[in-house]
Structure formats: structure tokens, C-alpha cells
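Please open the structure in a viewer and keep a selection panel at hand.

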Amino acid sequence: MSEFVGPLVGVVEHSTNYVRFSVFVSQSGQMITYYQLEVNKILPREGWIEQDPVQIYETVLQCIEVVTYKLSQLDIGLEQIKCVGITNERESTVVWDKVTGQPFYNCIVWLDNRTNDLVEKIIDDLPGRDINWLKNKTGLPISTYFSAPKLRWLIDNEPTIAQAIKEERLLFGTIDTWLLWKLTGHHMTDVTNASRTLLMDIETCEWDPYLLDFFQIPASILPHIKSSSDFFGTLNVTDLKGLPVTGVISDQSAALVGQKCFGVGETKVTCGTGCHIIQNIGPGPIHGALEGVPNEAKHNLLITIAFKLGANPTYYALEGSAAIAGAAITWLRDNLEVIKHYGDVESIAQMEENCGGVYFVPAFQGMH
């Protein structure tokens, strides 16, 4: 008999580099087991970064299959798993056919900058070229980073996608939405992911008519927005079929919650592909959460949704992001080949006190 006593929780995690399925003890947070697989990046042009949505989904299924086998080896019954959650990289954009279930295009990853010309054109048409034109509604600047320009680019550049809208076949979502639809058949997202699209009003937590009109996005293709902790349907595939999905939250918000940063002012820092600092600024309404926040911070930092648990108030956060952090180390390994393993960086950096006048500026997305 296993020493681990339920209830247990399963978690699907999708990051820029891998998919993982983990099982935790719900009360203590102790990890029982996990399995992860790399997700391939597709680089069709300079600055374009894509992933295959079908591979992402099939990799999730493989990870779940391996973990269920590992649990059987540990003498842990699947009935001890009571629910499943999903956490995912934000902003990455998927469009698919609601009839066939097949993607119309590869997932455009959050780092992708193919929309640079589109974003510049949008900003050119705004008074004073104000990148914060939509910030009162979205908390975000107008940038290639977020989902709406990616979705607009797809509609403008792929005739099959524009046609699918006319035929009312197109569905849009971030990775959480895509996986939910494949795993449960429901077209949903949570507030933390929706808040990164440039299409949701962060006060009402609903798709906003002005924003939809601004980007010329039809409301019919968008998922239903729910709290991060809510019922998202039941799994209809794998040996975990029938289990409810009771939590969906974007990766950076998940890290904030995972570090128990529930108090106002508490802050987390994560370094992965990018580096993200998020500070909990408290519950809504948004003007109350922002009271006392310096104007410089409100102007220069992102204002985003930290989390919303069930019917409780929405909590907000300030965020500062550097798109390239760990990705620079990967570049040193794979492109320059100056290291073989990530762990080599520190020892090499400590070898010499003097850099000899050589400096590395990781301006992978340009300098401002």
C-alpha cells in the first residue's frame, strides 16, 4: 500500500519549451511524480516562433499516460486523483476549426514578433503614437507581445481563417483554451489568460466591445471567461476520463499563487525563457488596487490580473517583464556553442575577474 494518501491533484503545464504532467498531494503540495517532454519550436523566418498545437496536445496525452503508469508502480490508485488543473504560457495564439478540431495554423508563440509592422501601423494612427492608448481598459501597452495583434495578423494573412469566420467555424484561444477544448470539449479560458489578449476589460473581466472593434475581432470566436478556480468541464480522454478540471491559470499568475503571494505587496520573480516580476497590489475595483501605486509604475509597468478564486474578488498585479532571460543561455549553448550545459555558465563566469573589454548585451528583441 502506498504511503501517499489522497486526495491528489493532477496538473497539466505547458511552457515555451516543454509539456509536463504532475501529481501533487492536495493538502501539502508534495509532488508524487511527474513526466515531461520537450515541445519543438518552429522557426519559419527570422523573428517568427511557432509550435504545432497538435503536438502540444498529443504530448499532454503522452505525459498523462506515463504518469498514470508511474502511479500504478507506486501502488497509487487513479481514484485518489480528484481533479485536474491547467497552467500555461500566456499570449500564445491558436485558431482551429470547431467542426474538425484541426488547427488552421501553427500556434504563434508569445515571443514571436511578426506583428511588428502591424503594431507600428496601429500606433501610428493613434494621437501622439500613444502605446498606452488602451491601458485604461486592458492594463497593457499595445505590443507584439499580446494575443490580439497575433490574431489580427492571422485573419489578415491566412485566407482560410477569414473564410472560417464567415462560415462560423473558427475558434480562438490561448494554449489553456486549446487544451481545454481538446480535453473537455468546452471553449473556455480564465481571467489571467484573457487579461493578456488586449481584448478583455480588466475591470469587468469580460470581452470588451470597444477593444473588439479596435482590433476588428468577432466576439463569436472568443472563449467564455471564468475565474481561475472554477469548473471547466470533465476530461473525456485518457485513463483520467471523467475527472473535473477545476483550475486554469496562466504560468506567471500560477507562480504568484504557488508562492502564496496572497498579501498586498508580496512579489514573486521567475526566470525561465524570460524573466517576470509580479507584485500583488490587492483586490478590485481596479482604481482601489492602484491607489498608492506611483504614476511612474502605472505608466511603465503592466497592470494585469493576478488571480480570481471562485466568486471572490479579482486580485490585480503590477508586472515587469524581460522577454529574454534563460533564452539567452540557450542561445549561448545552441548557437555560439560556448557551453554544453546550462550549469556551465556560472563556473565560466567566475574564471576571470576581467572581461578584457568584451561585453555581451542580450538585446534579442532590439534596444530602446
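**Conventions**

This is a predicted model, in which local features need pLDDT of at least 70 and side-chain atom pairs count only at pLDDT 80 or more, while totals for chains, interfaces and linings use all residues. Residues are numbered from 1 along each chain as its sequence is written, and side-chain values use heavy atoms, with hydrogens and water left out.

**Stop 1: the domains**

Colour residues 8–253 as domain 1, 261–320 as domain 2 and 323–367 as domain 3; such bounds come from an automatic or database domain assignment. The centres of domain 1 and domain 2, taken over C-alpha atoms, lie 21 Å apart.

**Stop 2: the interface of domain 1 and domain 2**

The selection holds 27 residues of domain 1 and 25 residues of domain 2. Between them the two domains bury about 1,800 Å², with 51% of it on carbon and sulfur atoms. Buried area here is the accessible area (1.4 Å probe) that two parts lose on being put together, summed over both. Which three residues supply more of the area that domain 1 buries against domain 2 than any other three? They are Ile-202, Glu-203 and Gln-252, which supply 28% of that area.

Next, display the polar contacts across this interface: 17 residue pairs qualify, both members at pLDDT 80 or more. A polar contact is a pair of N or O atoms within 3.5 Å; within protein, one must be able to donate a hydrogen and the other to accept it, and residues adjacent in sequence count only if both atoms are side-chain atoms. On the side of domain 1 that touches domain 2, helices H3 (135–138), H7 (191–194) and H9 (251–258) each supply at least two residues. Helices (H or I, at least four residues) and strands (E, at least two) are DSSP runs, numbered from the N terminus. By class, that side of domain 1 has 11 nonpolar, 12 polar and four charged residues. Ala, Val, Leu, Ile, Met, Phe, Trp, Tyr, Cys and Pro count as nonpolar, Asp, Glu, Lys and Arg as charged, and the others, Gly among them, as polar.

**Stop 3: salt bridges**

A salt bridge is a side-chain nitrogen of Lys or Arg within 4 Å of a carboxyl oxygen of Asp or Glu. By this rule the count comes to 17, and between domain 1 and domain 2 it is two. Select Arg-90 and Glu-319, whose side chains meet in a salt bridge at 2.7 Å, N to O. Arg-90 also pairs with Glu-91, at 3.8 Å. Is Arg-90 buried or exposed? Arg-90 counts as buried at 4% relative accessibility, and Glu-91 counts as buried at 2%. The term buried means under 20% relative accessible area, exposed over 50%, and partly exposed in between (1.4 Å probe, protein chains only).

Now select Lys-226 and Asp-230, which form a salt bridge with their closest N and O atoms 3.7 Å apart. Lys-226 is buried at 15%, whereas Asp-230 is partly exposed at 29%.

**Stop 4: Ile-278**

Ile-278 is found in strand S15 (residues 275–283) and is buried at 2% relative accessibility. Leaving aside neighbours within four places in sequence, Ile-278 is in contact with residues including Arg-90, Gln-252, Leu-256 and Glu-319.

**Stop 5**

Select helix H4 (residues 147–157). Nine of its 11 residues are buried, so H4 is largely enclosed by the rest of the structure. Among the elements that cover the buried residues are strand S6 (94–97), helix H2 (116–124) and helix H8 (209–215).

Finally, select Leu-198, in the loop between H7 and strand S10 (200–201). Leu-198 is buried at 0% relative accessibility. Beyond neighbours within four places in sequence, its contacts include Phe-146, Ala-148, Pro-149 and Phe-215. Ala-148 and Pro-149 are among the buried residues of H4. Leu-198 and Glu-91 are 107 residues apart in sequence and 9.5 Å apart in space, C-alpha to C-alpha.

Definitions and conventions
Contact = heavy atoms within 4.5 Å.
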